[in-house]
Amino acid sequence: MYQKRVTHILKDISQQLDQLLKTDHQPGLLGGHTGCALFYAYYYQLTGKEKYLEKVHELVLNSMDAMSSGELLPSHCNGIAGMVWCIQHLMNQGFVDGDMEEIFSDVDALLGQQMIADLNNRQYDFLHEGLGIAVYFLEKESPSPWLSQVVTALQAAATHLPQGISWEDRFSRQSVPSLPDEPCYNLGIAHGMPAITTILSRIKAKGIDTGHLVEKSLDWMLSVSNPAGSSSIYPTLVNKEGVALTARHSRMGWCYGDLPVAMTLLNGGYADKAYEILAHSIQNRNVQNGMVHDTCICHGSAGIAHIFNRAYLHTKDSLLRQGAEKWLQHTIELYESPAGLGFYADGKYEIKEGILEGIAGVGLALIAAVDKDTDPAWDRCILLS
């Protein structure tokens with residue numbers, strides 16, 4: 001019913017990206033032109049048009065040139081780790097030929113050392129600090145020895161609480177100076193516990209011993225939900241007692257709120273509890289109480305649609321499919337409104353190219369919605385699978 005409209009939007013996204021990339025100089029995975037290679041790769045798989053595969057190769061070469069400049073941060077979001085993750089992923093999926101071990105052996109050592117140094121310094125923000133680097137090592141087909149060191153570092157840094165274990169969020173304290181002067185724990189995937197636990201779950205799935213870190217961190221997450229009757233099941237930040245440090249109500253999106261917690265539980269083996277949270281979101285959340293202003297992956301309608309779609313692929317439950325279709329329809333409506341595919345900030349809409357805030361991410365979610373034959377494995381870079 002929506003195939004024709006989505007096909008039109010995808011064509012428009014590809015044309016807009018072509019124009020944006022003529023002047024773009026940001027090479028990152030989640031916010032720059034490297035991530036656009038993922039869109040073109042999966043769009044090529046959908047359409048079979050060689051010109052999109054050629055665009056993938058062009059962007060990979062541009063990314064390698066940018067890395068050779070020596071001026072990039074090591075981070076996952078907009079640095080070297082995310083860029084080499086993308087190239088590794090494209091090779092794994094057969095879009096690009098090459099041997100990463102030969103090409104990036106020196107990069108592996110530098111990233112591994114930086115990752116462990118950050119984690120030992122308790123800098124485990126997923127987007128901007130050491131934890132995100134682990135996602136690159138997880139993309140390798142053989143278990144990397146660096147991943148065992150990730151487990152060791154996180155074990156040493158864990159806070160043991162009566163309800164389980166957690167990791168203190170120091171990143172948010174720097175960006176939200178009004179927080180009370182006490183340890184805080186973050187329930188968002190962008191900077192907090194869902195990212196740590198998901199990465200540990202994926203390390204465990206590689207056959208690496210994680211002790212009880214996954215189970216105890218999931219137990220902690222289950223224990224810090226809002227009181228019954230709240231519109232959102234989880235707040236954004238809590239203290240050691242599990243009491244919300246900011247408003248109990250959280251937005252609806254990939255970055256914060258109920259959905260990333262639900263996906264963490266789903267990928268960690270707690271399917272029944274994950275389903276309860278997802279079902280609550282479908283039945284009780286909407287554009288207004290979810291604070292959904294645009295289409296972006298980070299906190300917009302396409303990201304929400306993709307989360308429900310990914311959960312549906314995992315469970316085959318019809319309610320989750322309905323949730324995905326509802327938010328896909330809202331994405332189409334926004335596209336056809338004055339907002340278009342713009343990212344909403346400071347009272348205005350701006351077209352961006354990246355995965356988290358831009359049209360490449362919206363395009364990837366739309367491709368996943370209509371291409372029933374292809375696993376949207378690209379979403380490993382945002383910890384949804």
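Cys86 counts as buried, at 1% relative accessibility (buried is under 20% relative accessible area, exposed over 50% and partly exposed in between, with a 1.4 Å probe and protein chains only). The structure is a predicted model, so local features need pLDDT of at least 70 and side-chain atom pairs count only at pLDDT 80 or more, while totals for chains, interfaces and linings use all residues. Residues are numbered from 1 along each chain as its sequence is written, and side-chain values use heavy atoms, with hydrogens and water left out.

As for disulfides (a pair of cysteine sulfur atoms within 2.5 Å), the count comes to zero. Cys86 is in none, and its nearest cysteine sulfur, on Cys381, sits 7.8 Å off. Cys77 isn't in one either; there the nearest sulfur belongs to Cys298, 9.3 Å away. Cys77 is buried too, with a relative accessibility of 7%.

Cys86 turns up again around Leu38. Setting aside neighbours within four places in sequence, Leu38 is in contact (heavy atoms within 4.5 Å) with Leu29, Trp85, Cys86, His89, Leu90, Ile355, Leu364, Trp378 and Cys381. Leu38 is also one of the residues with the most contacts inside the largest nonpolar core, along with Phe39, Leu90, Trp167, Trp254 and Phe308. That core runs to 135 residues (a core being a set of buried Ala, Val, Leu, Ile, Met, Phe, Trp, Tyr and Cys residues joined through side-chain atoms within 4.5 Å). It takes at least three residues from each of domain 1 (72–157) and domain 2 (158–261), whose bounds come from an automatic or database domain assignment. The centres of these two domains, taken over C-alpha atoms, are 22 Å apart, and 25 residues of domain 1 are in contact with 22 residues of domain 2.

Trp254, another member of that core, is buried at a relative accessible area of 1%. It lies in the loop between strand 4 (237–238) and helix 12 (258–267); helices (H or I, at least four residues) and strands (E, at least two) are DSSP runs numbered from the N terminus. Not counting residues up to four places away in sequence, Trp254 touches, among others, Phe126, Leu127, Ile189, Ala190, Cys298 and Leu384.

Helix 3 (residues 50–68) has 19 residues and spans 28 Å between its first and last C-alpha, close to the 27 Å expected (1.5 Å times one less than the number of residues). Its buried residues include Tyr52, Leu53, Val56, Leu59, Val60 and Met67. Looking down the axis, the buried residues of helix 3 fall within an arc of 150 degrees, so they line one face (the arc is that of the directions from the helix axis to the C-beta atoms). The face turned away from that side carries exposed Lys51, Glu54, Leu61, Asp65 and Ser68. Helix 1 (3–20), helix 2 (33–47) and helix 4 (80–92) are among what covers the buried residues. Next after helix 3 comes Gly70, with a positive phi near 75 degrees.

Two residues other than glycine also have positive phi. Arg122, near 60 degrees, is in the loop between helix 6 (105–120) and helix 7 (130–139) and is partly exposed at 33%. Lys316, with phi near 60 degrees, lies in the loop between helix 14 (301–315) and helix 15 (318–335) and counts as exposed at 54% relative accessibility.
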